[in-house]
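Here are some exercises to work through with the model open beside you. Try each task on your own before reading its solution.

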Amino acid sequence: MMNINKIIIATALATGLSACFSQGEKAEESAKIAPKKEIKVNFNADSAYSYIAKQCEFGPRILESKAHDSCVAYMTSELRRHGADIVEVQKCEVVDWEKKTRKAENIIAHFNPSAKKRVILFSHWDSRPWADQDADEKTRRIPIDGANDGASGVGVILEIARQYKNSGINAGLDIVFFDAEDLGEPTFITGHGNNDSWCLGSRYWAKNYKADSIAKPRYGILLDMVGDANATFHVDYASFKLASIAVNNVWQTAKNLGYNNVFEMRESSSLIDDHINVSQYADIPTVDIIDFNAQRGFPETWHTHQDVIGNISKSTLKIVGETLMTVLAKE
């Protein structure tokens, strides 16, 4: 994943955001009206889980490795098998924290490219080359599986792709799996951090994005660490500021589905994640669905060797996948 960036914001904006959340919480407490009944969708958590397991079977998906190449072939094959009209691999060169030029690959797919109304889904697919948070210093330089941090978002999106053609969803669907998100400077090695060393694949994609013949998506949804059994999804400041429509669509839909104990409409710190690059450089307002809250931070498995398939929850995958498919069905 990435480190936290406490973005300095104007007092007026901060006050406005806090007021907004406070009003939402009061409304939540006082609301007596039953949640709106949502469109029925099909999302198979077992299938999403199998996609995560398959990615982990390749081994840590670090740049320029055999596991990395195998996973690219797998993801592109699955997207084509599920009927994507366009699938492409965006090869790019990125500069890591050591100032070394590295080869990375973003995976891009388009379903129903002629549709004018579109939504784009994102996840990073690479895994962390270091276990920064391991208690044992001897294991910190060993790459992690990244079942939750990376593979879980890809698994949910691949299952949505599998269901898309027969789902009755009218909106066009774009998908991008970002590489080199988790290549950020390891502070346990250097003693300091560099915020610009994270999210390199999304920066490249966003800076080179052009709508061209395919219409620009109305908004984007980024999935990051969406498979933990005790997941809670709060709203980071950047998401609320840059993609309030997407925030409202996702969190209100989750509430209507009875999942507001997982999608909690609460403010969290601003985070460095791929949605910042997409919103800034591609001008696509993008919300970050990420398991982070101000009370406990990231999940206990974050950047450790406990981030394995055995700690992925099918229940959480169902909540996230069903919420997203319902959001898409309403477009």
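The exercises below go from model confidence to the sheet and then to the helix packing.

This is a predicted model, in which local features need pLDDT of at least 70 and side-chain atom pairs count only at pLDDT 80 or more, while totals for chains, interfaces and linings use all residues. Residues are numbered from 1 along each chain as its sequence is written, and side-chain values use heavy atoms, with hydrogens and water left out.

**Exercise 1. Find where pLDDT stays under 50.**

Step 1: Recall that pLDDT is the predictor's confidence in each residue, from 0 to 100.
Step 2: Now locate residues 5-33, over which pLDDT stays under 50. For this stretch the model has 23 contacts (heavy atoms within 4.5 Å) beyond four places in sequence.
Step 3: Keep a caution in mind: where pLDDT is low, the predicted coordinates should not be read in detail.

**Exercise 2. Work out the strand order of the open sheet and name the strands at its edges.**

Step 1: Two strands pair if DSSP finds at least two bridges between them.
Step 2: Trace the 6 strands of the open sheet in the order 1-2-4-3-5-8, with mixed pairing.
Step 3: Strand 1 (86-95) and strand 8 (286-290) are at the edges; each has a single partner strand, so one side of each lacks a neighbour in the sheet.
Step 4: Zoom in on strand 3 (residues 118-124) and strand 5 (residues 219-224), which run parallel and are joined by 5 bridges. One to look up is V119, whose bridge partner in strand 5 is Y219.

**Exercise 3. Which strands does helix 10 touch?**

Step 1: Select helix 10 (residues 314-329), which packs on the sheet and touches strand 3, strand 4 (172-178), strand 5 and strand 8.
Step 2: Compare directions: helix 10 makes about 175 degrees with strand 5. Axes here are lines fitted to C-alpha atoms, for helices over the stretch in contact, and angles run from 0 to 180 degrees between N-to-C directions.

**Exercise 4. Describe how helix 3 and helix 2 each pack against helix 4.**

Step 1: Helix 3 (residues 66-81) packs with helix 4 (residues 147-164) at about 25 degrees, the axes being 9 Å apart. Helix 3 is therefore roughly parallel to helix 4 (angles under 35 degrees count as roughly parallel, over 145 as roughly antiparallel, 65 to 115 as roughly perpendicular and the rest as oblique).
Step 2: List the contact: Y74, M75, E78 and L79 of helix 3 meet V154, L158 and A161 of helix 4.
Step 3: Turn to helix 2 (residues 45-57). Helix 2 and helix 4 pack at about 130 degrees with axes 8 Å apart, which means that helix 2 is oblique to helix 4.
Step 4: The helix 2 side of this contact includes S47, A48 and Y51, and the helix 4 side includes V154 and L158.

Definitions and conventions
Helix = DSSP H or I, 4+ residues; strand = E, 2+ residues; numbered from the N terminus.
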